[in-house]
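Please set the sequence beside the three-dimensional view before reading on. The report below goes through selected parts of the chain one after another.

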Amino acid sequence: MSSLTRTRVLETQGEDCENTVKRKRNSVNTSEKFTKKTKTDENMTDATKQKRANFSALTPTVNGLNRTPNVISLKPGAAKKLTIKNLKEKPKLPENYQEQTWEKLSEAVIAIQTSRSIKYSLEDLYQAVQNMCNHNMASSTYESLKGLTEKHVKANIDEFTGDSMDRLIFLKKMNDCWQSHCRQMIMIRSIFLYLDRTYVLQRSSVNSIWDMGLDLFRHHIVMNSLVQTRIVDGLLMLIENERQGDTVDRTLLKSLLRMLSDLQIYRDAFESKFLQATERLYGAEGQKLILELEVPEYLHHVDKRINEENERLLHYLDPSTKWCLIHSVEKQLLSEHLVTILHRGLDSLLEENRVEDLTLLYNLFTRVKKGLVELCGMFNGYIKKKGRTIVIDPEKDKTMVQELLDFKDKMDNIVTVCFLKNEKFGNSLKEAFEHFINQRTNKPAELIAKFVDGKLRAGNKEATEEELERLLDKIMVLFRFIHGKDVFEAFYKKDLAKRLLVGKSASVDAEKSMLSKLKQECGGGFTSKLEGMFKDMELSKDINVAFKQYMSNLKNSSPLELTVSILTMGYWPTYPVMEVNVPPEMVQFQNHFTRFYLGKHNGRKLQWQPTLGHCVLKAEFSQGKKELQVSLFQGLVLLLFNDCNEISLEDIKAATNIEDGELRRTLQSLACGKARVLTKNPKGRDVEDGDRFNFNSEFTNKLFRIKINQIQMKETNEEQKATEERVFQDRQYQIDAAIVRIMKMRKTLSHNLLISELYNQLKFPVKPADLKKRIESLIDRDYMERDKDNPNQYNYMA
């Protein structure tokens with residue numbers, strides 16, 4: 001029987017309106033649904049029927065309840081009154097309702113657990129659970145369900161605790177059992193869903209049906225020590241087999257590991273043992289392979305192993321294991337062998353410029369603690385060692401600068417591409433270059449200046465203007481590393497003077513570009529004299545134009561043309577004063593220019609410097625006329641052969657008054673070089689006393705104008721020593737000035753503090769012994785004195 005709840009509602013309504021009352025009906029034993037039709041009250045008056053809408057008589061009742069409306073006529077605007085009456089009697093459940101209902105539900109649960117078909121519809125079962133919950137039977141229903149589930153789970157334990165079986169078969173059986181249990185619990189939960197959403201939800205201490213199923217499976221099956229050991233050992237076996245290269249069932253691994261996670265025993269039961277096995281495996285593998293494999297191969301193996309473990313994390317391991325697992329692999333394969341890897345392989349990787357392997361090395365070392373610190377230190381050491389071999393060896397002087405530029409480009413590329421522009425590696429690279437390039441005092445600065453000279457000379461067709469500009473930028477990078485920049489300045493100034501005076505500069509734009517770079521790097525004081533040299537050359541052009549006008553006014557008919565460069569003595573290198581015998585025609589031109597210049601600039605003094613003079617001579621050979629571009633000294637020698645065909649060394653020296661060493665170099669260039677306009681008797685490469693020289697009328701050359709004055713651009717040993725001496729002398733003056741400046745300001749100072757102050761102020765490398773000599777020199781010259789009571793203290797003397 002079904003219990004019915006009836007509610008009558010008396011309602012008042014206006015014309016053409018009515019209210020109906022619905023009844024809720026609960027069905028207990030059957031899912032049969034039916035609907036009863038209501039009949040209209042036969043006692044209604046005809047007048048009332050006329051007022052009601054035509055379709056009201058056909059209105060069905062809800063849940064089989066007949067409705068008899070009482071219509072009360074009200075005056076317009078009167079209040080409506082609702083009256084609700086209680087049930088006449090309390091509905092009763094049939095006898096043995098709980099036992100009968102549970103028997104039906106338990107049959108369904110057992111059918112699910114044994115994979116049989118269910119007699120009843122799921123809707124009936126769901127309704128039965130709902131009715132039991134609504135009549136305070138939820139607690140007993142939950143406990144009964146729990147007991148039934150526990151009984152079924154306990155029945156499955158025997159097949160896993162029996163005789164030992166193949167691990168793979170055991171894992172598959174366990175996986176089947178777990179999958180079946182999950183499917184069963186999902187079906188059972190769908191039937192008992194109302195219980196889950198009412199009774200369980202209102203009680204925090206009660207597990208949901210799904211959690212209850214997991215808890216029972218965990219407690220009775222997986223927490224069994226024998227079963228758990230077999231599961232974990234089987235999983236570890238499969239993972240180890242996969243690490244050894246075998247193909248395994250990843251789906252099985254994923255399912256069982258997910259089971260451990262769902263049962264919340266993944267970390268305690270599996271993860272710790274898995275990590276221990278991983279550490280043992282990779283520890284032994286690392287010790288073995290680091291000795292057997294070359295470093296690049298070992299690095300690729302480590303990278304492969306890390307990728308494999310990440311793939312396992314992606315396919316079946318729990319994400320929470322990631323940090324511990326990868327850290328363990330990195331520790332055993334990398335951290336334990338950092339120094340060995342770097343000592344055995346870094347130098348060769350850098351030497352051979354193996355960009356891909358270095359990139360991999362960097363990426364792997366970023367993963368471990370102190371990996372980049374060790375790598376950066378070894379990288380720094382390699383640069384210092386390699387750079388020192390380039391700088392220290394005198395036999396490499398000719399190629400030193402180019403090798404340094406190539407080495408710097410190579411290391412820059414490695415820092416950019418392999419080390420991802422890491423700032424620490426960039427700074428380490430700079431520090432290493434600065435260290436080794438100053439291991440050999442002064443020489444790198446001198447060679448860099450000469451290298452620039454070679455690139456800025458006319459005839460250097462190796463590079464376009466853009467390439468030359470990039471090269472100058474690279475040279476400036478090397479220049480920054482040099483401590484003795486005054487040495488660079490001295491040699492650069494000497495070479496620049498030659499390029500400007502002999503007309504060998506390739507490009508004024510390139511010269512000025514280099515000058516601006518030096519100015520930007522070292523300040524205006526460093527380049528003021530160099531800028532003065534350019535100004536002198538510009539002024540000389542204007543003076544020569546005016547001098548030509550002056551000579552045309554004198555109506556001078558001489559075929560000679562004279563171009564003079566007016567040099568300010570303080571800007572240019574000091575040249576030895578050399579009085580040579582020049583032809584009368586040239587003397588006459590010099591006198592004209594002297595009168596012209598002093599007439600415009602009264603009070604100035606001109607001193608003629610023949611060292612870097614050059615001229616063009618017209619010569620007649622058997623095969624025709626040629627023009628010879630020669631130095632002034634070469635010209636003076638060749639002009640002697642207008643009067644005679646053969647002259648001895650001693651006669652040439654007496655006729656020209658050229659210094660002996662310079663004369664020998666000049667004659668060697670004319671008689672022993674590529675363009676031999678003179679012949680020497682006896683033949684030989686060197687000019688000796690008693691040698692005689694003849695004009696070579698048979699000289700041939702395909703060019704009309706032949707350059708023989710390259711000798712002027714070559715640096716002699718005397719020039720180099722003079723430049724070095726000049727730098728040394730300038731440094732002494734700077735040291736003296738710095739000492740006096742410091743003492744004048746401090747009045748009294750100890751020796752150690754004075755030395756410290758000097759190191760701060762001086763911009764070139766200097767030894768303490770040299771400073772001590774300069775201090776003694778100033779004491780001798782009464783600029784300062786030792787304190788009478790404390791010999792380590794100095795007093796300034798005004």
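## Report on selected local features

Arg 167 has its place in helix 6 (residues 167-191), where helices (H or I, at least four residues) and strands (E, at least two) are DSSP runs numbered from the N terminus. This is a predicted model, in which local features need pLDDT of at least 70 and side-chain atom pairs count only at pLDDT 80 or more, while totals for chains, interfaces and linings use all residues. Residues are numbered from 1 along each chain as its sequence is written, and side-chain values use heavy atoms, with hydrogens and water left out.

Arg 167 is partly exposed, with a relative accessible area of 41%; buried means under 20% relative accessible area, exposed over 50%, and partly exposed in between (1.4 Å probe, protein chains only). Leaving aside its neighbours within four places in sequence, Arg 167 is in contact with Asp 233, Gly 234 and Met 237, contact meaning heavy atoms within 4.5 Å. Between Arg 167 and Met 237, which lie 70 residues apart along the chain, the C-alpha atoms are separated by 8.4 Å.

### Two helix pairs

Helix 3 (residues 122-134) and helix 7 (residues 193-200) pack at an angle of about 25°, and their axes are 8 Å apart. Axes here are lines fitted to C-alpha atoms, for helices over the stretch in contact, and angles run from 0 to 180 degrees between N-to-C directions. The angle makes helix 3 roughly parallel to helix 7, since angles under 35 degrees count as roughly parallel, over 145 as roughly antiparallel, 65 to 115 as roughly perpendicular and the rest as oblique. Helix 3 contributes Tyr 126, Val 129, Gln 130, Cys 133 and Asn 134 to the contact, and helix 7 contributes Leu 193, Tyr 194, Leu 195 and Thr 198. These residues divide into 6 nonpolar, 3 polar and no charged, where Ala, Val, Leu, Ile, Met, Phe, Trp, Tyr, Cys and Pro count as nonpolar, Asp, Glu, Lys and Arg as charged, and the others, Gly among them, as polar.

Helix 19 (residues 443-456) packs with helix 20 (residues 465-481) at an angle of about 175°, their axes being 11 Å apart, and this makes helix 19 roughly antiparallel to helix 20. On the side of helix 19 the contact is made by Ile 448, Phe 451, Val 452, Lys 455 and Leu 456, and on the side of helix 20 by Leu 468, Leu 471, Leu 472, Ile 475 and Leu 478. By class, this contact has 9 nonpolar, no polar and 1 charged residues.

### A sheet and the helices on it

Which order do the strands of the open sheet follow? The sheet has 3 strands in the order 5-7-6, with antiparallel pairing; two strands pair if DSSP finds at least two bridges between them. Strand 5 (646-648) and strand 6 (678-681) stand at the edges, each with a single partner strand, so one side of each is left without a neighbour in the sheet. On average, neighbouring strands of this sheet are turned by 25° against each other, direction ignored.

Strand 6 is joined to strand 7 (residues 692-695) by 4 bridges, and strand 5 is joined to strand 7 by 3 bridges. The bridge partners in strand 7 are Arg 692 for Asn 681 and Phe 693 for Lys 680, while Ser 648 also stands opposite Arg 692.

Helix 26 (residues 649-656) lies across strand 5 and strand 7, running at about 85° to strand 5. Helix 27 (residues 660-671) packs on the sheet and touches strand 6 and strand 7, its direction making about 110° with that of strand 6.

### Backbone details and cysteines

The peptide bond from Asn 681 to Pro 682 is cis, with omega near 0°, and Pro 682 is found in the loop between strand 6 and strand 7. Gln 264, in the loop between helix 10 (250-262) and helix 11 (266-292), has a positive phi near 60°. Asn 442 also has a positive phi, of about 70°, although it is not a glycine, and is found in the loop between helix 18 (423-437) and helix 19.

A search of the whole structure finds 0 disulfides, a disulfide being a pair of cysteine sulfur atoms within 2.5 Å.

| Residue | Relative accessible area | Class |
|---|---|---|
| Cys 133 | 13% | buried |
| Cys 644 | 32% | partly exposed |
| Gln 264 | 65% | exposed |
| Asn 442 | 30% | partly exposed |
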